Amino acid sequence: DADGTSTYPVMGLALATASSGANNVLLHGIYKDSTKWTGGTALTVGGVCYLSVTVGATTQIQPSATGSKIQVVGVATNTDRIYFNPSADYLTHV
């Protein structure tokens, strides 16, 4: 999450809980899972998606609290789909 103590930059999206040694991570590509974004029920098509302050989620609202990490993780390709392609760059909001 953008407000936590996670290691940055985020480079993958966990798609499911997996057993040890299993891989369920999306490195880049399109996903459709409304439980993974915050800030509304429908995405704005063409809008940038950021790492959310909610653990394990993305948002189209740039984090604005002091100390929050701002990292672009993709773009909305439809009202219910995100092309996940995280940037290796991030900023810390001051």
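This is a predicted model: local features need pLDDT of at least 70, side-chain atom pairs count only at pLDDT 80 or more; totals for chains, interfaces and linings use all residues.
Modeller: Two strands count as paired if DSSP finds at least two bridges between them.

Colleague: How many helices and strands does the chain have?

Modeller: The chain has zero helices and 10 strands. Read from the N terminus, its elements run β-β-β-β-β-β-β-β-β-β.

Colleague: Which strands pair with S8, and in what sense?

Modeller: Strand S5 (residues 48–51) pairs with strand S8 (residues 72–78) in the antiparallel sense, over three bridges. S8 also pairs with strand S9 (residues 81–84), again antiparallel, over four bridges. S8 and S9 form a hairpin, with two residues between them.

Colleague: What do the side chains do along a strand?

Modeller: In a regular strand, side chains alternate between the two faces of the sheet.

Colleague: Next, aromatic rings. How many aromatic pairs are there?

Modeller: Rings pair if their centres lie within 6.5 Å. By this rule there is one aromatic pair. The ring centres of tyrosine 31 and phenylalanine 84 are 6.3 Å apart and their planes stand at 65°, so the pair is edge-to-face; planes over 60 degrees apart are given that label.

Colleague: Which parts of the chain does the pair tie together?

Modeller: Tyrosine 31 is in strand S3 (residues 29–31) and phenylalanine 84 is in strand S9, so the pair ties together parts 53 residues apart in sequence.

Colleague: Are tyrosine 31 and phenylalanine 84 buried or exposed?

Modeller: Both tyrosine 31 and phenylalanine 84 are buried. Buried residues make up 32% of the 94 residues in the chain.

Colleague: Why is tyrosine 8 classed as buried?

Modeller: The cut-off for buried is under 20% relative accessible area. Tyrosine 8 has 13%, so tyrosine 8 is buried. Tyrosine 8 sits in the segment before strand S1 (13–14). Tyrosine 8 and alanine 88 are 80 residues apart in sequence, yet their C-alpha atoms are 8.3 Å apart in space.

Colleague: What share of contacts join residues at least 24 apart?

Modeller: Among contacts between residues at least 6 apart in sequence, 49% join residues at least 24 apart.

Colleague: Last, what is the radius of gyration of the chain?

Modeller: The chain has 13 Å; a compact globule of 94 residues would have a value near 12 Å, so the two agree. Along the principal axes, the C-alpha atoms fill a box of roughly 40 × 30 × 20 Å. The chain exposes about 5500 Å², and carbon and sulfur atoms supply 55% of it.

Methods
Residues are numbered from 1 along each chain as its sequence is written. Side-chain values use heavy atoms; hydrogens and water are left out. Buried means under 20% relative accessible area, exposed over 50%, partly exposed in between (1.4 Å probe, protein chains only). Rings of Phe, Tyr and Trp (its six-membered ring) pair if their centres lie within 6.5 Å; planes under 30 degrees apart count as stacked, over 60 as edge-to-face and the rest as tilted. The radius of gyration is taken over C-alpha atoms; the globule rule is 2.2 Å times the number of residues to the power 0.38. Contact means heavy atoms within 4.5 Å. Accessible areas come from the Shrake-Rupley method with a 1.4 Å probe; for residues, only the protein chains shown count as cover.
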